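Me: I have a two-chain model open and want to go through it piece by piece. Can we start with whatever sits across the strands?

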Amino acid sequence: MNLGQLIFRELRLSLRHGADTMAALLFFIIAGTLFPFALGPGAATLAGIAPGVVWVCALLAALLPLDRLLGADFEDGTLDLLLLSGLPAYGVAIAKTVVHWLTTGLPLLLIAGPLAVMLRMPSERLPLLLAALLPGTLILSLLGTLAAALTLGARRAAVLMPLITLPLMIPTLIFGAAAVTSPHPAAAFYMLGAMLLAAAPLAPLSAGAAMRAAAE
Amino acid sequence: MTLSDLRLVISRGLNHSLGATSILAIRIFALFTASNLSVFRGERLVFSNVSFSLASGGALLLRGANGAGKSSLLRALAGLTPLAAGELRWDGENVLGDLSWYVSRLAWLGHLDAVKPALTAAEHVPVAFLEPLGLGRFADLPVRLLSAGQKRRLALARVMASKAALWLLDEPTTGLDTESEARFVALCEAHRAAGGMIIASTHTPLALYEVDVLAL
């Protein structure tokens, strides 16, 4: 099995479990919608918090499918087959990351725009938000796959996963929100790019090692 | 009729019933040797100094009480569990030095079936390989609708479809009825007749010809 075949198979499985993606999207929308109810509909208030709300809601929503990303394969014995498929373990992690981003990160990215508009974000800031969310969701998928691999077989994996992922995502959150609110967003984008470049090789390598350890 | 003649007859008969002449045609000539294997699980030494050799057409049954290390030995042979000591050689070559080369020559069946409830049987294994195990009419059914024995047969069909030379099977007949077990034995004999090798752990006697037994 090569990388493309594995990604195709995982995408087909994700389509069959479409409710997982829908749950993440609905969580994103509903959580974002709660803020105007709690803070009132004032445009100035909402516009001020909109980037942070969208980022935090996207972060939390993307965590939802992570416990099944590798957990299901571990429980039904598929992880052994994946590790014996001829792909290196980090290749399996890359495939899982790509599928998580395509089925969760990308849909969140697409729906972030309308949510931000609902939160009265100035329209000229929308492209900045979406441009920052692109590397942001990719980093989240990379770190999320790593957390999913690290917690394989753990007794409270669903609880442990956000406890690992969320602290690791704090720098991305800081620079992601700053890319929208700062008068000089270029620096924040450079930082996001640097974090993506660091996570892209390190997270799959670490996740692959964690998968091998879990399969022992 | 000699034993090899008998295996050839079984192989030809099976291929004829499949309507294919090369479905199990491996025709490799290899020697797989394990020398002084030792494996730890956590702090516990599961087994030590296990050695055997298996030539093309051979079969090795692993016997022992629960927890004796049959599954651990199979996982070590697959490269999933690291060896504390010992070496594995394929025609004299150390296989653990190049795992990707080695795993392309083995097919794995763990004690879990590694099938996905949302996918159909045909999405797991090509239809041609479902027929010999009596799963042809279930090809388009989602696996969640199959019984436990049918799922096991599907997992066995995947082993057969791999066309790998070495089959590593952990309790392969779990959940199989008598007829399915007979089909499975015939497939094993056909695989051996084509030059393949089988290492299996089993609590129930398998009606294979000229098997070696390794007691753990």
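Reply: This is a predicted model. In chain B, helix α2 (residues 70-78) lies across β1, β2 and β4, and its direction is at about 120° to β1(B).

Me: What order do the strands of that open sheet have in chain B?
Reply: The order is β2-β1-β4-β5, four strands with antiparallel pairing.

Me: Which strands stand at the edges?
Reply: β2 (44-55) and β5 (93-94) of chain B. Each has a single partner strand, so one side of each has no neighbour in the sheet.

Me: How many bridges join β1 to β4 in chain B?
Reply: Five, between β1 (residues 31-41) and β4 (residues 85-90), and the two strands run antiparallel.

Me: Switching to chain A. How many helices and strands there?
Reply: Chain A has 10 helices and zero strands. The radius of gyration of chain A is 18 Å, close to the 17 Å from the globule rule for 216 residues, so chain A is as compact as a globular protein of that length.

Me: And what does the C-alpha trace of chain A span?
Reply: About 55 × 35 × 30 Å along its principal axes.

Me: Pick a helix pair. At what angle do α2 and α3 of chain A pack?
Reply: Helix α2 (residues 18-39) and helix α3 (residues 43-63) of chain A pack at about 150°, with axes 9 Å apart. That angle makes α2(A) roughly antiparallel to α3(A).

Me: Is the crossing left-handed or right-handed?
Reply: The crossing of α2(A) and α3(A) is right-handed.

Me: Which residues meet there?
Reply: From α2(A), they include A:F27, A:F28, A:F35 and A:L39. On the α3(A) side, A:I49, A:V53, A:V54 and A:L60 are among them. By class, the contact has 16 nonpolar, two polar and no charged residues.

Me: Last topic, the contact of chain A with chain B. How many residues does it take from each chain?
Reply: It takes 13 residues from chain A and 15 residues from chain B.

Me: Which helix of chain A gives the most to that side?
Reply: α6(A) does, with four residues. Both α1 (3-16) and α6 (78-83) of chain A supply at least two residues each.

Me: How do the residues on that side of chain A divide by class?
Reply: Into five nonpolar, four polar and four charged. For the α2(A) and α3(A) contact, by comparison, no charged residues are counted.

Note on methods. Residues numbered from 1 in each chain as written. Chains lettered and ligands numbered in written order. Predicted model: local features only at pLDDT ≥ 70, side-chain atom pairs only at ≥ 80, totals over all residues. Axes fitted to C-alpha atoms, helices over the stretch in contact; angles between N-to-C directions. Parallel < 35°, antiparallel > 145°, perpendicular 65-115°, else oblique. Left-handed = near helix turned anticlockwise from the far one by under 90°. Contact = placed C-beta atoms within 7 Å. Nonpolar A, V, L, I, M, F, W, Y, C, P; charged D, E, K, R; others polar. Pairing = 2+ DSSP bridges. Rg over C-alpha atoms; globule rule 2.2 N^0.38 Å.
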